[in-house]
Amino acid sequence: MNKHLTDENLRIAVDIGGTFTDGVATLAPEGRIWVSKSPTTPDDPGRAVSEVILDLLSHASEALGIETLPVREVVHGTTLITNTLIERKGSHTALVTTEGMRDMLDIGREWRYDIYDLEIQLPRPLVPSDARLEIGGRLDARGAVLEELTEESLDAMVAGIKALGAESVAISLLHSYVNPEHEQRARAHIEKKLPGTAVSISSDLAREINEYERTSTAVANAYVQPIVAAYLEQLDARLSDIRDNVPLRVMVSSGGFSSAESGARSPILLLESGPAAGVLSALNTARQHGVDQVLAFDMGGTTAKACVSAGGTPPVAHSFECARVERFKRGSGLPILIPSIELIEIGAGGGSIAHRNRLGLLNIGPESSGSVPGPACYGKGGADPTVTDADLLLGYLNADRFLGGTMKLDKDAATGATDRLADDLGVTTIETAWGICNIVNENMASAARIHIAENGFDPRDFTMVATGGAGPVHAVDVARKLRIPRVLVPIAAGAGSCLGMLAAPARIDRSWSKPQLVADVDWSEVADQLGALQDDARQELEAAGASEVTWTIGAEMRYVGQGAELPVVIPFHEVGPSTGDALIAEFEKQYKLLYGRLVPDASPQIITWRLVGQEPSQAHHFEWGDDRTEGKVTPDERREIYLPLRGDFESVGVYDRYSLPPGTVLNGPLILEERESTIVVGVEADVTILPDLTVSIAIKEFE
Amino acid sequence: MPQQDTDVIRKTAATEAKAAGFDPIELEILWKRLISVVDEASAAFVRTCFSTLVRDGNDFAIVLTDAKGRSLAQSTMSLPGFIGCLPATVGHFLEAFPPDEIKPGDVFITNDPWKGSGHVHDVTTATPIFHDGRLVAFAAVVSHLPDIGGRLRSNSSREIYEEGLQIPLMKLLDGGEPNTVLIDMIRQNIRVPEQGLGDIWAQVSGCRTMGERLQGLLAVTDLEALGTEVQKRSEQAMRDAISRLPDGVYRSTVQHDGFDKPIVIECALTVSGDTIDIDYSGTSEQLPYALNVVPIYTFAYTVYALKALLCPDVPNNEGSFLPISTGAPAGSLLNPEYPAASGGRSAIGHLLPLAVFTALADVLPDKIWAAGSPNSSVTMSGSYHGERFAVVNFVNAGQGATSGRDGFSALSFPANLGNTPVEMIERLAPIKVLRRELRRESGGIGRHNGGSGICFEFEVLPDASDIMTSFLMTQMKSPTKGLKGGGDGKPGQLLLNGEAIDPTMPRVLAAGDVVRMETAGGGGFGAPGSGQDSNREQET
C-alpha cells in the first residue's frame, strides 16, 4: 500500500430511506466525496446497503487508482424503527407494570387532541391489554420502598410472560426514575429464567417523571428491539464480507452516533436518526461558511421540516411523538421520551393535494398523492393538482429534465387538473397555481416564524440552508416571507442525510429526574451521580471510537409551580454549591430572553439533570470526488417563470448548477438546475457559487 | 420551453374577472396567519403559567377580537366552554371603559362569573391592541387560577361570597402602570399568591405577544375588512349546515343527580331555516349549591355541541355563533341571579351537549353520541412534613357509543381536562395511588357498547393527617342513558373505606383512609346484536 495513504482512509455513510438507499463515501482527511444510490430492498434492507457500499468502493478505487482502500468506519441511519412502529409490525411484546397501573396505555392523559372532532381516532397501544402483567413491590415518590418486591411476585411474572409467549418485555414501574432497583431486579429475573427474551426497562431509557410517557417509551423500545438487533447483526455480517474489522456505528436522534451494540440495546434512540442527520448536514454547511444562526429547511415529497439553531449546535428536545394518527395534530401519536434534535414539521411536501374547502377557500393537504398515482404531471393517473404540478406550471420545474431527464413531466395533465380547481374557485389557472405555491410557502413560513419566536430569536439574523428535492424550489420565497436575507444550498442535497452522518460527532446523552428546589439540592449526591454516569458514558464513547470528549451538565429548570421547563446548559466542572449559582444565572438569562421578565419572588427548581458527552463538533469540508464543473457561465436556455413580486411571467436564464465554476456571480431572477433538485430564484438576488460549490443567494430586497 | 402554454394560461387569466375583495387564496393566507398569531400567544402563555389546571388540564383559552369585541380567531387547544365566553367579556369591558378612553398599556381584568366564564376561579384579562394610534383589536385570555381564596372549590358553597375573591371589571394596568391596590388585594386574598399572580402576569405577556405579532399582519391588511370577511364565511358555513336540518322543534330531558332531588334540564331546540334557538324553560330552579350556570356559559357549551356536530372543520369566530341563540328563565339553574354560587357549574354545563345530542338523535342518528359522563375531580390540600400542598386530579369517564362504534373509555368530554400523572400526584400529596384503572363492564351494552369509566383509588400515607379533600362527582345516581335500544352505563360512585359517601361535603382525611372514585360508563347504542337493522329502521 502506498505509504502516504496510511493517513488516508474512507468513511462511509449509508441511509435507508423509503424509496432509495443513499450512500456517501468520503476520503478523510481531504473531504472528497462519492455518492451512490440504489432502490431500497424492503424484504432485506441490508442487500441495498451492501450494493451501495460496493458501488462506493469501486468509484473511489477507480478515482484514486488504488485497489483496496482502507475503510475506517461505516455510519448507518435507518427508518426501520419508525416504519415498524407506524405499520405495527413489531415483536410480540408484554408489559410489566406496578399493581393498579396496567391500563395506563389505554388511559393515557384522558384528553382529546381535537376538541371539535366527534370521530377522533386515538392512537392504538402497542401492547394489547391481555399482554400486560402487574407485579408487587411499591416505591414512594422519593424512591423509598413502601413494599418489597418478592421472589414470588417475580416468579409469577415470569410464568405470565412464558404463558404469553412474548419475545420482548417492557418493564415500567412507578417512581423507577428515582430508584431503578425494582425494575433492574425484574429484568435480571427474566434474563435468568427466560434466557433469550429481550427486556427493556423504563429507567434505562428515560429516567424522567410521568409514568405514561416513560412507559410508552419503554414499550416502543421493547416492540422494535428484537427486530433491530437482528437487523444490525446481519448488517454487521454483510459488512464483514466486504471488509474485515470495519466498525459499524449507528446514528442516534440526538445528532450523534453510537456503537451498533448500543443501538441494538436501545433502538428507540435511533428513531429520528434520518432527519437528525439532515440537520447536521445543514449545520455543517453553515459552519463551513461561518454562519452562526441557521434555519435548516428540508422539503421532500411528503413533508417539510425545519430546525432553528444558534451557536453551531442543534437544539435537542427530550420528548417526541411518533406514529401520529393525524400528522399535523399534536397529541395524536405515541409519546417517546428520547433526546432528539428539535425538528418541527412545518408543512406538507410536493405531493400534497390542493382543493377547495367548504368555505370556498383554496387549501393544500393534508392528503398527499403519494408516489402512486403521484402528482397529475407524473402522468400516472393522478387527477388532483399538487404542489409539484403548480411548480411545473409556474415554470420552476423542467418538464424534460426532472430527475436528470429520467422522468418526463406531463404539463397538459398538470394544466387540466389545475384548471378544474380554478373553475371551482372562480379564479384563473395561473392564479390558482401561484396560490398553491404561495399558500404552501406562507404556511411553512408561519410555522417557522412561530418556532423562531418561541426560541427568542429574530429571523432577520438568520441564514437558511435548504435541502431535499423540493427545498431549493421553495426556499427563496419562504426566506423572503420570513425576511431571512440569505439562503445557502449545499452540494448533494439529495444525499444530505449521509453527509450529516459523516459530520456527526460521537455523542452520549444521560439523564435522571429529581425535582427539587435549587436551594435544597444535595451537591455531593449530584456529583456522585454525574460521576457514575460519566464513567458509564465514557466507555460507550470509546466503543464508538471517540478519542476526545467534551462534557456538559444540563438541567431542565422552571419556577416552582410552572409546568414547562427551560433547558439550561453549563460546562462540566467539579459540582458544588456554586453550580447552583451558575445554573440560576443561566436560567434567568434564558427566561428573560424568552419571556421578557422574571417572576418576582418565585423559586427556581430543577426537574431533570442531564449529562452530555460528545466529540467536539468540527467543520467537515466536502467536495465532489470527480471534477464536475465545466467552467461554463452562460445559461443553457431561457425559460418563462412566474415572478411573485411582479405577479407575472418573465424570461430568465436557466443554468446547469454544476457547470458553474466557484467564484461565479450571477444576478437573480434565475434558475439553477441539478439532477435531484432545482434552485428557483424568483426575485432580484446576488447568486454566488462558493469554493465548495455551495450556492449562496443574497436577496436584494433586504440589503 | 413551450411558449404557447403560458400564453394560453395568460389568456385565461385575462378573460376571467377577479373576484371582488379578498380572493380565495389571499383570504386563506391571511386567515391562517390570524390563527397562528393566536396560537403563538397561547404557547407563550402555557409555558409561563403556574397552574397545573392550564398545562395538564387545558383549562384556558385565548382569543383575538376586533375593536368591538367580536371574536376573530381562537387558540387551537382551547377549552370549549371558554370560547363563547371570552368575546362577551371583552364586550363588558367596552361597556365599562369607553373605547375613546382606552389607551396603549391598559390591561383589563375580572373574574365576575356573569361577565367572565361562570365562576370566580377563572380570571380573564384583556389587552387592547393599537395600530397607527387607533384601537383595532383586543387580545383576551381566561384561565383557571390555582386558587382564588374562599373555601376549597366545593358544591356545598351556598353563595358566591364563600367561593373566593371577586374582582369586578377593573384595570390591572393603566397605561402600563400596575394597579398596586388591586394587586395587593389579590395577593392578600389567595392561598398561593406567587403562583396566582404569576399566572396573571403570564396572561399579560401572552396578550402582549399577540399584540406584537399582529403588527406584521396589520401592516399589510385592513383588519376590519378581514374580520368581516372571515366572520361572514364562518357564519355562512354554520347557516348552510343548519339549513340542512329539517325545520322543527326537538326536545330532550337530561337528568343530573342533584342533591335532595334530581336536577332536570329541559331542552327545546328549534330549527328554523338557517337558525337554531335553544330554550331551556322548564329546567330546575337555581340552587343554594355551587352548580349554577350563568347564561354565557350555558350559551358556550350549547354552541360547542352544535359546532362539533354541524361544522367541526370551520375555524371558529363570532360568525359561527350568530345563527344560534339560547335562553333560560331568570332564576333558573341556567340563568341564576346574584349571589348564586357557581364553582361546580361545569357538572351542569357539561351536560348541555348531551341535551343537544339527545334532542337531535333522530335528525343526526349517525353523528350523535349516546350519553356519557363529564369529568369528576378531587382536590386535596393540607400540610405534610411542614410544607403546604395543594393538588387537583381530574377523573374522566366513559363516553356514549354511536351508530358506528363503541364509546370512548376514560376520555374527557365535552371539556378537555387531562389527568395528573400518578408520579406527580404522589410527589405533591402524601397519598399512595392504589389504582387508576379502566372500570371494565361499566359501559352500557348495545350494538355498540358505551366506553368504560375509571376507577381511581388512593390511600393516605401512615404519617399524614388532616388532608382537606373535596370532590366534584357526577352521574352517581342518574345513569348515562343508552340510545336506540342501547343499555345505560353504570353510574359512578364514591367510597370512603369501602362505604359509599356523599361527594357534596368536603372531608378531612386521616392516615390510612382509602378513597375510591369510580366514574360512570357511557351509554350503549342500538339493541345488542341488532346488526345493521337498527340503522335501516331509523332511515325509514
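The predictor assigns the complex an ipTM of 0.89 and a pTM of 0.88. Residues are numbered from 1 along each chain as its sequence is written, while chains are lettered from A and ligands numbered from 1 in the order in which they are written. Because the model is predicted, local features need pLDDT of at least 70 and side-chain atom pairs count only at pLDDT 80 or more, whereas totals for chains, interfaces and linings use all residues.

**Confidence in chain B**

- The average pLDDT of chain B is 90, and 94% of the residues score at least 70; pLDDT is the predictor's confidence in each residue, from 0 to 100.
- Residues 1-20 of chain B stay under 50 in pLDDT, and the model has 18 contacts for them beyond four places in sequence.
- Residues 533-540 of chain B also have a pLDDT below 50, with seven contacts in the model beyond near neighbours in sequence.
- Where pLDDT is low, the predicted coordinates should not be read in detail.

**Interface between chains A and B**

- The interface brings 58 residues of chain A into contact with 68 residues of chain B; a contact requires C-beta atoms, placed from the backbone, to lie within 7 Å.
- Helix 12 (429-454) of chain A is one of the elements that supply at least two residues to the chain A side, and helix 12 of chain A gives the most, with twelve residues.
- Helices (H or I, at least four residues) and strands (E, at least two) are DSSP runs, numbered from the N terminus.
- The side of chain A that touches chain B comprises 26 nonpolar, 16 polar and 16 charged residues; Ala, Val, Leu, Ile, Met, Phe, Trp, Tyr, Cys and Pro count as nonpolar, Asp, Glu, Lys and Arg as charged, and the others, Gly among them, as polar.

**Domains of chain B**

- Chain B is divided into domain 1 (24-234) and domain 2 (365-540), with bounds that come from an automatic or database domain assignment.
- The centres of the two domains of chain B, taken over C-alpha atoms, are separated by 31 Å.
- Domain 1 of chain B contributes 18 residues to the contact and domain 2 of chain B contributes 17 residues.
- On the domain 1 side, helix 3 (52-55) and helix 4 (80-96) of chain B are the elements that give two or more residues.

- Helix 2 (residues 24-48) of chain B has 25 residues and reaches 37 Å from its first C-alpha to its last, close to the 36 Å expected at 1.5 Å times one less than its number of residues.
- An open sheet of seven antiparallel strands in chain B has the order 2-1-5-4-3-6-7; strands pair if DSSP finds at least two bridges between them.
- The edge strands of this sheet are strand 2 (71-74) and strand 7 (177-178) of chain B.
- Strand 15 (residues 453-460) and strand 20 (residues 514-518) of chain B run antiparallel and are joined by five bridges, with Val514(B) as the bridge partner of Glu459(B).
- Strand 17 of chain B pairs with strand 20 of chain B in the antiparallel sense over four bridges, where Gln493(B) stands opposite Glu518(B).

- Gln475(B) lies in the loop between strand 16 (467-472) and strand 17 (493-496) of chain B.
- Gln475(B) is buried because 29 other C-beta atoms lie within 10 Å; buried denotes 20 or more such atoms within 10 Å, exposed 12 or fewer, and partly exposed a count in between, with C-beta atoms placed from the backbone.
- Residues up to four places away in sequence aside, Gln475(B) touches several residues, including Asp257(B), Ser373(B) and Ala520(B).

How values were computed:
Contact = placed C-beta atoms within 7 Å.
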